[in-house]
Amino acid sequence: MVPIADPLSFAEVLRRHRHAARLTLEQLAEASGVSARSLSNMERGRSRGPQHRTVTALADALALDESARKRLVELARDGRLRDHWTRPTGLCALPRSVGDFTGRALELAWTNDLVHADDSPGVAGVGLITGPAGLGKTTFAVRAAHALRADFPDGVFFLDLFGMSPHPVAAGEALALLLRALGVEDRDMPGDLPDRASLYRSLLEGKRVLVVLDNAASEEQIRPLLPGGSHGRVLITSRRLLAGLEGVRRLSLGPLPLAEATELLTGILGDRSASDGERALTQLAQVSGGLPLALRIIGNRLVSRPGWSAAELVARLANEERRLEQLSAGDLKIANAFGMSYEQLAGSARKLFRRLALVPGRDFDAALAAVAGGISAEEAWDALDELVDLGLLQDGASGRYRFHDLVRLFARDRLQAEDTAAERDALIETVASWLLRMATTAGRWFEPAYGRPDRPDADLADLSSPEQADRWLRVNVDNWLGALRHTASGGLHSAVLDCAESMYWFSDRWMHASHWQEVFTLGAEAASALGDPARQATQMNLLAWAHLVPRDDPEAALRYTAWAIDLATRSGATTQIASAHHHAGGALRRLGRLDEAIAAETQAARIHKANGDMDRYCHSLGSLGTCLLDAGDHTKALEQYLDVLALLNDDRSGVTPSVAAFNRPIVLARVGECLGVLGHRAEAITTLTEAIGLMEQAQLPVPQARSLETLAALLADEGRTGESRHAYARAAEVYEAIDDAGASGRCRELAAASSQPRRAG
């Protein structure tokens, strides 16, 4: 095949392909089944956009390779769209509004506010509507324009600027189309851009017009199309953010909420929706991710196939590997919508987009993006900006990015198509290794004997404080947990165990998190595979803790402590023997077996003290105080807590300062509880208030919530109703933050009850 230069029109490229194939019009007509007259019209430019099936028949007859076929199809599609707006009648007419338009009440109110805002001199009121592919920006803008039509007696004009096309409409061509729609004859059409823009502004001066500029490509394309008067209004839609466009009001269109998505799908299905069932329709709406285009495709597939049920389509879409393929109906394909944005990217941004599909978590930052892309942080920032600008990524708080679920599937599809299996496997290993090393380094910030961890690898992001390490572990939990799973499945036991062990002390700071059972299970399995019973005993003790604190399953905790004692005894790991007694004491206390709990905690404290481990010794003494408190021996419990507090406050006790700082507010709160039970309410309130402040600083929400609830009750007993109500409300907020809905509801009810006036006796 003779190479063909990038053509300017469908006519030229078709003619060149026919000449290269050495075919006459008649011969090509016979081979393709397309009439010679139709072919002649195409080659002379009279038919700039033949139907898809016609183009496919021509491509087959010309034996075009995949690249040439794709190019011919694209040119025909562009031609079909352009033909619509260059016909001699109905120029720039507003398309019809879809009858099943759903939702967007707040967004429609925004357009209404734009239109009715006070007129001001200078540039007309301009609204810019942005968002990723498939969100229905055009449909929304058309709906808004129809709703506002009565406010624009001088006309409503609509122009598609083909922003995602390889050949967007030039500003001069767009002005010519608008001027023709305004009644300017071709013979009176100015020849250059500035003169056309000047004539356009003069014609609209003082008129109430609405111009909808759909699918804008750039600021340069848009600026000449903005009227200069104060009476007109402009709505622009674009996948790009057009950040350089000045003097505009911006609306970022997002996915439809689930209820509105379900309502839209129901409207598309019409009468048949009743037989499909609400549950199946809700599931389909969830799969769509709130994208109106995806909902339209799903609805059209069901309407065009009466024999299908919604439940059957749910089953088809459940397979992520084939979901994009299933989201197509005729010439509507969700992948095509994403593909148009993808084609706009520079090569480096395309590569990063594909590779980010392998990030295991829901979101990521620029540092992780740089690792995935194999590029510098600066290059990652530039590429991420480009991806956000085109709506292929969503940027959120604190510099984090995420995919829409369907866009992630598209990125994964492009990765499968454009990168080799070896490249993908290597990338997965690179990302998992980096994440696991980052998590291990971050976790070690909280080890009492470790201090500031050395930065073991130059490629890791720098964490310069415990606060930074804490934040990194929390916001990246999905990522490093995914890396831990992958590394465990690959048999890299040492790396898995190192990471699990590094979480020993940090887990106390995030004790309500749900993932600790999985982390320490993987750690225990890795230690077992390495044949190291002492380290396995450590992980068993951590599993016992996980079943006590986040999971509240004391029976399971006792099974793990028994296992830990056996492993630790065989290996001579006295620290783990003591830790097992400590966790067993916690489980026995929860089960009401207080004498056994006191004995277990006493044994743990004795071993830790003999080992000189003052950090764990204080833990055991504190837990012993809790056993005494539960047993009703409040005076002894108070003495026990005061002894622990003295150790924590004594710089010469041997307690690590970071451990003392962590435990001090918890023990102080228990002192306050004991004082309250013993009737010293004023002193208890002061002590609890101090403890709660320290917990806030140390980010200890679980004990903070309990202490707030205790404080609220004491304040109520003292008749300090307003303060009590505030403490209950704050306790409800903290309980809600740690996903304890029952406790949160209880505190909200108590707060509400405390606000009611008391009846006179």
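Trainee: Which residue lies over the face of Y735, and at what distance from the ring centre?

Mentor: A charge sits over a ring if NZ of Lys or CZ of Arg is within 6 Å of the ring centre and within 35 degrees of the ring normal. Here R746 lies over the face of Y735, at 5.9 Å from the ring centre, and the charged end of R350 likewise sits over the ring of Y342, 5.4 Å from its centre. Bear in mind that this is a predicted model, in which local features need pLDDT of at least 70 and side-chain atom pairs count only at pLDDT 80 or more, while totals for chains, interfaces and linings use all residues. Residues are numbered from 1 along each chain as its sequence is written, and side-chain values use heavy atoms, with hydrogens and water left out.

Trainee: How many aromatic pairs does a search of the whole structure find?

Mentor: Rings of Phe, Tyr and Trp (its six-membered ring) pair if their centres lie within 6.5 Å, and planes under 30 degrees apart count as stacked, over 60 as edge-to-face and the rest as tilted. The search finds 15 such pairs. In one of them, the ring centres of W381 and Y401 are 6.4 Å apart with the planes at 65°, so the pair is edge-to-face. This pair joins distant parts of the chain, with W381 in helix α20 (residues 377–389) and Y401 in strand β10 (residues 401–402), 20 residues apart; helices (H or I, at least four residues) and strands (E, at least two) are DSSP runs, numbered from the N terminus.

Trainee: Are W381 and Y401 buried, partly exposed or exposed?

Mentor: Buried means under 20% relative accessible area, exposed over 50%, and partly exposed in between, with a 1.4 Å probe and protein chains only. W381 is partly exposed because its relative accessible area is 40%, whereas Y401, at 6%, is buried. The rings of F506 and W510 have centres 6.2 Å apart and planes at 65°, so they too are edge-to-face, and both F506 and W510 are buried.

Trainee: Which residues do ring pairs link into a cluster?

Mentor: The cluster consists of F338, Y342, F353, F364, W381, Y401, F403 and F410. F353 is also among the buried residues of helix α18 (residues 347–355), together with A349, L352, R354 and R355. Those buried residues pack against α17, α19 (366–373), α20, α21 (405–418) and α22 (421–443).

Trainee: What does S341 touch, not counting residues up to four places away in sequence?

Mentor: Contact means heavy atoms within 4.5 Å. On that basis S341, which is placed in helix α17 (residues 334–343), touches A133, M164, R239, L390 and L392. With a relative accessible area of 1%, S341 is buried.

Trainee: Where is F162 found, and what is its phi near?

Mentor: F162 is found in the loop between β2 (156–160) and α8 (171–181), and its phi is near 55°, a positive value in a residue other than glycine. N215, in the loop between β3 (210–214) and α10 (219–222), also has a positive phi, of about 65°, although it is not a glycine. F162 is buried at 4% relative accessible area, and N215 is buried at 17%.

Trainee: How many helices and strands does the protein chain come to?

Mentor: The secondary structure comes to 38 helices and 10 strands, and buried residues make up 50% of the 761 residues in the protein chain.
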